[in-house]
Amino acid sequence: QVQLVESGGGLVQAGGSLRLSCAASGRTFSNYVMGWFRQAPGKEREFVAVINWSSGSTYYGASAKGRFTISRDNAKNTMYLQMNNLKPEDTAVYYCAASPAGRNPVLRALYDYWGQGTQVTVSS
């Protein structure tokens, strides 16, 4: 059974940093991409960033470019999202997800597996 478990969320002041983790288990993810999405109250779930589990290649959404860094540790089966210079508009529940490589990684409907989410709150 595939499990994705996020951690690392919390309350931080604007300009601060957080590192989210996503621990993956239950299958081999070598042919998968792993993504981060976020959902603010009253808004749709938004693509943040994605990483190819095998190659390490990355792609970022507009809100993440220049401030967030996605990475993974294959040995630990864990993906990370380093978030710097956080802004109040980054407040959301952050989800990690897994999708077979080759699909459009921006489309949340194409992800097969999801974590339960972790809350990030940025105060002004």
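Let's start with Glu-6, which sits in strand β1, residues 3-7 (strands, marked E, are DSSP runs of at least two residues, numbered from the N terminus). Keep in mind that you're looking at a predicted model, where local features need pLDDT of at least 70, side-chain atom pairs count only at pLDDT 80 or more, and totals for chains, interfaces and linings use all residues. Residues are numbered from 1 along each chain as its sequence is written, and side-chain values use heavy atoms, with hydrogens and water left out.

Glu-6 is buried but has no salt bridge. Buried means under 20% relative accessible area, exposed means over 50%, and partly exposed is in between, using a 1.4 Å probe and protein chains only. A salt bridge needs a side-chain nitrogen of Lys or Arg within 4 Å of a carboxyl oxygen of Asp or Glu. For Glu-6, the nearest side chain of opposite charge is Arg-45, 7.4 Å away (Lys and Arg count as positive, Asp and Glu as negative, while His and the chain ends are not counted).

So what does the side chain of Glu-6 reach at 2.9 Å? That's the backbone nitrogen of Gly-117. A polar atom of the Glu-6 side chain also lies 2.8 Å from the backbone nitrogen of Cys-96.

Now for the salt bridges: the structure holds five. In one of them, Glu-46 pairs with Arg-38, with the closest N and O atoms 2.8 Å apart. Arg-38 is buried, at 7% relative accessible area, whereas Glu-46 is partly exposed, at 32%. Setting aside neighbours within four places in sequence, Ser-63 is in contact with Arg-38 and Glu-46 (contact means heavy atoms within 4.5 Å). The side chains of Ser-63 and Arg-38 also make a polar contact at 3.4 Å; that term means a pair of N or O atoms within 3.5 Å, where, within protein, one must be able to donate a hydrogen and the other to accept it, and residues adjacent in sequence count only if both atoms are side-chain atoms.

Next, look at Glu-44 and Arg-108, whose side chains meet in a salt bridge at 3.8 Å, N to O. This pair links distant parts of the chain, 64 residues apart. Glu-44 is exposed at 60% relative accessibility, and Arg-108 is partly exposed at 36%.

Finally, Asp-112 forms a salt bridge with Arg-103, their closest N and O atoms being 2.9 Å apart. Elsewhere, salt bridges that share partners join Arg-38, Glu-46, Arg-67 and Asp-90 into one network.

Note on methods. Helix = DSSP H or I, 4+ residues; strand = E, 2+ residues; numbered from the N terminus.
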